[in-house]
Amino acid sequence: MRIPHFTCESSELPFSGFRAFLQTFDEPFRSELWASMPVLSHGQKKKSRSVSVKSRIRYWHRSRCLVAARAIGWRLADAYPKGLHITLQGTGNRADADFFEEISTFAPVTIERQWSTDRFENLDQDLRQVLADREWIKTEFDAEGDWTVFRRRIRRYLSSGDAWTLEYLGGFAMQTEHRLDAETADLFGLASQLLERPLEADSYYREASAKTDDPIVTAGLFYSRAILWGRHVAKPMRDLDYASSLLEDGEELLEEIRTEGVRPVAWALNRNGQALVKFFRGHLTEAESLLESSLGQLGNDDDNAAAKAIMLHNLARIHIRNKNVSRAIELLKESVALEVDNPEAWSELAYLLIEEDDFGGALSAVRQAETVCTWSARIPAVLGFLHARSGDHREAAAAYARSVLLAPDRAENVLSLIRQLCLSGQHTEALQWTARVPDAGLQGEESVECKLLELEARSFVESMTEDAVVERLKELAVMHPDSEIVKDNINAIQASALDPLPPERVESGGQRKPITMAFGHGPYTKEIAI
């Protein structure tokens, strides 16, 4: 079988090669792939009434954007099991490199790069706009140097998480003789933070601080740096002591101007940062007190809505940790009422409503999350949990399958998918998925449960005899002598051997079906964790 070969121009324009690659497919496959990549949509989105782009940092950063490429990789792997070859011509760009590398991790894709002069041919509307913005920077901006107009023109790229293009255009602005102002340095710091380059982001934030005399702005930059190092970097890089010292510096600035009527939001955000540091250190009572007092300082002004929504969300997480579900639900509802575009809050609210058996409310919350975010693996996992709890195991399996496509490294969601496939009688698919559980992804009873689910699926697919199933169970009991789930299954089989053959285990010919006793269907793993 001949391996398909695609040739695409990957110019210096971010995503040019990736866009060209998606355009090579026929409908409806092309539209399905395109829809899974919101980072490619540069159109001005409907503006949220309260939240700024900085508050969306948690779900717009580079790793979250690349998740969409994983789903495309899996789709390509299914469509082209023998593989495909892609030749990228042109000077290339970082966005193409990131996304094609991510796809090749999950699909049998071979990437060949051929350097050539960029031709900028057959560009779609979004790329033509990027070229127009580049030309504007080289001409009008170079002549006038108005950073306010510059920010207004290019900020829209962050509305879809495309920090790659903002960085590309920012490079041309930096080549002019105009020196950065504080607001633009802050914006470039945010772009670097989205691209997960914390040292570069911190450098821009420092530069922004040096260019402003406004203590409130400076305090806000201290907050940005504190949240960068205390939360948004990878866990091994987090420095809570440094984050705490930055917040203290910001608090000192705000104290000095308190008599001048400091804006409540600046003070509240500083306290929010301090609460997060205490939360990560396990000081939940202190964190809760800080957030409660800060929320009391904020009025109902729309200008404070974004900060209030964030703090309500964080306060809800403290109550989740303290297992105060009813209070957490109240706080999350208040948070999403102020900021409807927070998928994390919606998905957490849905999960808690499922725990409270409010399936209608949970479904509504999940749908709200889906309208905001289509590339988070957590959202379809919560939907799978909802269907599982309501007894619709086939729909649950379909939802978990979407979650696994987005995050194939989340072994617990793969396990949940296999469980729901078995419960819905899709044993052939379940057996196939048992071979795709990430290595070393499951521990303890989860690992044992996966082996039991594999046995259940195999007993159907391979028509194993009851004696063969019992023998395999005994082997698992020797391998895992402390496993409660293995003991439960052995006890169930022994009990069934003493009872008359139940009607549900009789086929048309009166033969016993393979044993399926509750393999792995006990409460040993959470379907989704917050």
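In which loop is the place of Asn304? Asn304 sits in the loop between α14 (284-297) and α15 (305-321). Helices here are DSSP runs of H or I with at least four residues, strands are runs of E with at least two, and both are numbered from the N terminus.

Before going on, two notes on the source. This is a predicted model, in which local features need pLDDT of at least 70 and side-chain atom pairs count only at pLDDT 80 or more, while totals for chains, interfaces and linings use all residues. Residues are numbered from 1 along each chain as its sequence is written, and side-chain values use heavy atoms, with hydrogens and water left out.

Asn304 is buried, at a relative accessible area of 10%. Buried means under 20% relative accessible area, exposed means over 50%, and partly exposed is in between, using a 1.4 Å probe and protein chains only. Leaving aside residues up to four places away in sequence, Asn304 touches Val265, Leu298 and Gly299; contact means heavy atoms within 4.5 Å.

Next, the sheet. It is an open sheet of three strands in the order β1-β2-β3, with parallel pairing. Two strands pair if DSSP finds at least two bridges between them. β1 and β3 are the edge strands, each pairing on one side only. From one strand to the next, the twist averages 20 degrees. For angles, axes are lines fitted to C-alpha atoms, for helices over the stretch in contact, and the values run from 0 to 180 degrees between N-to-C directions.

Now the pairs of strands. β1 (residues 5-9) and β2 (residues 84-89) are joined in the parallel sense by five bridges. On β2, His85 is the bridge partner of His5, and Thr87 is that of Thr7. Between β2 and β3 (residues 109-114) there are six bridges, also in the parallel sense. On β3, Val109 is the bridge partner of Leu84, and Thr110 is that of His85.

What kind of unit do β2, helix α5 and β3 make? With α5 at residues 94-106, they form a right-handed β-α-β unit. Right-handed means that, with the strands pointing away from the viewer, the path from the first strand over the helix to the second runs clockwise. α5 lies across β2 and β3, and runs at about 150 degrees to β3.

On to the cysteines. How many disulfides does the structure hold? The count is zero, a disulfide being a pair of cysteine sulfur atoms within 2.5 Å. For Cys422, the nearest cysteine sulfur is that of Cys450, 9.5 Å away. Cys422 is buried at 4% relative accessibility. Cys450 is likewise in no disulfide, and Cys450 is buried with a relative accessible area of 10%.
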